[in-house]
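Welcome, and please load the model in your viewer. Keep the selection tool at hand, and we will walk through it stop by stop.

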Amino acid sequence: MSKPDSRAETAARIRHLLDTEGDAVAENTRGFNRGRYESTGELADYEALKDEARAIKEDAIERLPELIDDLREAVEARGGHLYVADDAADANAYVREVVDGDNVVKSKSMTTEELDLNEALAADDARVTETDLGEWVLQLADEAPSHIVGPAIHKSREGIADLFAETFDLDGDDRPETAEELTRFAREKLLADIREADVGVTGANFLTADSGTMALVTSEGNARKTVVVPDTHVAVAGVEKVIPSVENLAPFVELIGRSGTGQDITSYVSLFTPPVPSPPVEFGEARRASAERTASAKPDAPMADPGTAAGDGATEAHPDREFHLVLVDNGRLDMREDDDLRETLYCIRCGACSNSCGNFQSVGGHAFGGETYSGGIATGWEAGVEGLDTAAEFNDLCTGCSRCVPACPVQIDIPWINTVVRDRINRGADPGAFDPLVEGLTPDDEPAGLAPSKRLFGNFETLARLGSATAPLSNWGSNLGPVRAAMDRWLGVAPERDLPAFERETLVDWFAARGGPRVSERLARREAVVYPDVYTNYADVDRGKAVVRTLEALGVRVHVPGSAAVASGRAPLSQGMIETARGKAERCLDALLPEIDAGRDVVVIEPSDLAAFDREYGKLIPETDADRLADGCYEVLEYVYGLLENGADPGGLTGGDGDAVAYHAHCQQRTLELEPYTVAVLERLGYDVTTSETECCGMAGSFGYKSAYYELSMDVGEPLVEQFGDADRVLASGTSCGEQLDALLDSSPEHPIKAIAPL
Ligand code: SF4
């Protein structure tokens, strides 16, 4: 259970990271993100490439044991060795034996971070030097990576200059300051270490089972030197890195740089089939002696180019080379058997899910990350390789906004992995002191030990029903100082937030009281059910009325049946309460499918409910039912757009007459690619629309209400202040987005339907 003290600690830790690392992380991740939009936008068929990449990974993980056998055969045929390590201790023991206390240079590898390989090698007095600039900076600073692709993105140039000056005792003209000077300084230091190294340790982005080829995708050239300079090469990679063939590399090479750093192609894409054919590189005296030996033995033989297949007999492995491939299981083979965590193994570690995440942009991987991995997918990795306890430390930072989903080049449902792990964490929690108090009061299907704040937010439907039935007393009472203080202390509800005010007359009651549908069956262009979601039905009844009036003005026969006033399950889902959400999904299905079967369209106002129908119901209820529901549902402005496109007369609607509006679409609405409909309708009705550029406003349903995350939530929304701070009229599709904009801008945002509804 999340206790007041631990919430305060979480808030303090986040505040510290916002102050110390937030600016650098935000600048870098937002830059990567913009690059991704530009670079993937130039692809002729981005979605087809993602489909191809996904299919290759699905196939590879399905056939993994067979592919590992093929890879072993290919590696051993060249004289290399392949070892499958059960866990970190096993992998480290193998590498220690190979290294035997010698000097090691290492290229960037998250898998070796996962193993704590450097620490293991240090036990034998081996000197290990990281050769990736970011990793080297962190090695000097004794810090952990904050991003899986850009490990030192939390550090500023000035901070790195100070670090170098302090570590190497530099001052005056010797002190490097500019990015170029810092890079040159690091390059000289690292080249000296590479020259002296006995063993090169690398990771591998991909390993092909057909030939034993490994692909290294890097922004710097030192990984290549790590492979070819020392005579011994150890590659350490998770078992999931194996793909069937060299041909399969193509879509990944296209996608990995574009997705991660926004580069059309990463600076270095190196393919090696180790042991490589070139001789180990020698320097100074050793090189001269070696050259003389070679010249006297074969005077006409060309010099092999290090790292390439040039020269006489170059396709053969060079006899002086030693190669060891360590494939690491460490929980991965169990993940492969786990229906929900299996998808994690498709991850190609591009970092796009981190860059596209609003929370990550503000605090980076030192808050949104575990022992090794960071960002949205870290929950899957950490739960699989470390365990639920590690995942529990940061899993709440995934708000389920889904902005990472279209960014992921292998289409992993990252929010679902986070939801499943949250559910498992909830189920593993110890029973709490409050359980006897809430037992029987909260109509959920969750176990004892669930944090009271999760139970509160997950049961929002019950709260809303009660609040509406007792309004206005409930609104007055819930805002009393002592009540808010108690809610903060015991339930973790941020006192800074305004609570929703409930209406005594619900949308369903209002619709029934006015006499039901007003457009006759004979004249109706379409027949629709407006889904009375929890918030619209009990709190923002006005936007529901505006929807009814708008659709009727466009010739739709509208119904708002009381039977449909059931929650979608979005609220419990966001708290990881999957069984409770499943129950609500079944009720929702029972209410809405008969309407669809009767030929009625279902019009949904709240984007997060539509996203639940469209994206999550397939995991909660039979897929065929979920598909039927999703096919019959429309986001309200999407529906209006369709009506207008099909000839409905907009004359009865309110027009903008050139008025400027600032519009923020809900993050899940963007993932479903529905934002353009709202913009098109507003423009068609004469508004001058500016759309927001942020991925997420930071509120993300209940996230911004939680006292531990209030400051983070406000920081995530800060770019909206910069963009919309001077706007006279602000529109937002999501309930929580509207509340966040209200807090950030001190204005009163409206749902876009209110801008076009008949007066
Ligand atoms: S989950 Fe997808 S977006 Fe995230 S790092 Fe892995 S491949 Fe990239």
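What follows is a list of selections, with a note on what you will find at each.

Before you start, residues are numbered from 1 along each chain as its sequence is written. The model is predicted, so local features need pLDDT of at least 70 and side-chain atom pairs count only at pLDDT 80 or more, while totals for chains, interfaces and linings use all residues.

**Stop 1: the ligand**

Select the ligand and its surroundings. A shell of 15 residues surrounds the ligand, and the closest are C347, C350, C353, I377 and C408. A residue belongs to this shell if its C-beta atom, placed from the backbone, lies within 6 Å of the molecule. By class, the shell has 12 nonpolar, 2 polar and 1 charged residues. Here Ala, Val, Leu, Ile, Met, Phe, Trp, Tyr, Cys and Pro count as nonpolar, Asp, Glu, Lys and Arg as charged, and the others, Gly among them, as polar.

**Stop 2: helix α2**

Next, select residues 22–41, which form helix α2. Helices (H or I, at least four residues) and strands (E, at least two) are DSSP runs, numbered from the N terminus. The 20 residues of α2 should span 28 Å at 1.5 Å a residue, and the end C-alpha atoms are 28 Å apart, which agrees; the expected span is 1.5 Å times one less than the number of residues.

Which residues of α2 are buried? They are G22, V25, A26, N28, T29, F32, N33, R36, S39 and T40. Buried means that 20 or more other C-beta atoms lie within 10 Å of the residue's own, exposed means 12 or fewer, and partly exposed is in between, with C-beta atoms placed from the backbone.

To show the contact, pick F32, R36, S39 and T40 of α2 with R258, S259 and G260 of α12. Contact means C-beta atoms, placed from the backbone, within 7 Å. By class, the contact has 1 nonpolar, 4 polar and 2 charged residues.

**Stop 3**

Most residues other than glycine have a negative phi, and most peptide bonds are trans. Go to P274 and P275, joined by a cis peptide bond with omega of about -5°; P275 is in the loop between β9 (268–272) and α13 (284–297). Another cis peptide bond joins A471 and P472, with omega of about 5°.

D142 counts as exposed because it has 6 C-beta neighbours inside 10 Å. Q411 also has a positive phi of about 55° without being a glycine, and with 19 C-beta neighbours inside 10 Å it counts as partly exposed.

**Stop 3: two last residues**

Select T372, in the loop between α16 (358–363) and α17 (378–385). T372 is buried, with 22 other C-beta atoms within 10 Å. Leaving aside neighbours within four places in sequence, T372 is in contact with M110, E113 and E114.

Finish at H559 in strand β12, residues 556–559. Leaving aside neighbours within four places in sequence, H559 is in contact with P517, V529 and R600.

Methods: Contact = placed C-beta atoms within 7 Å.
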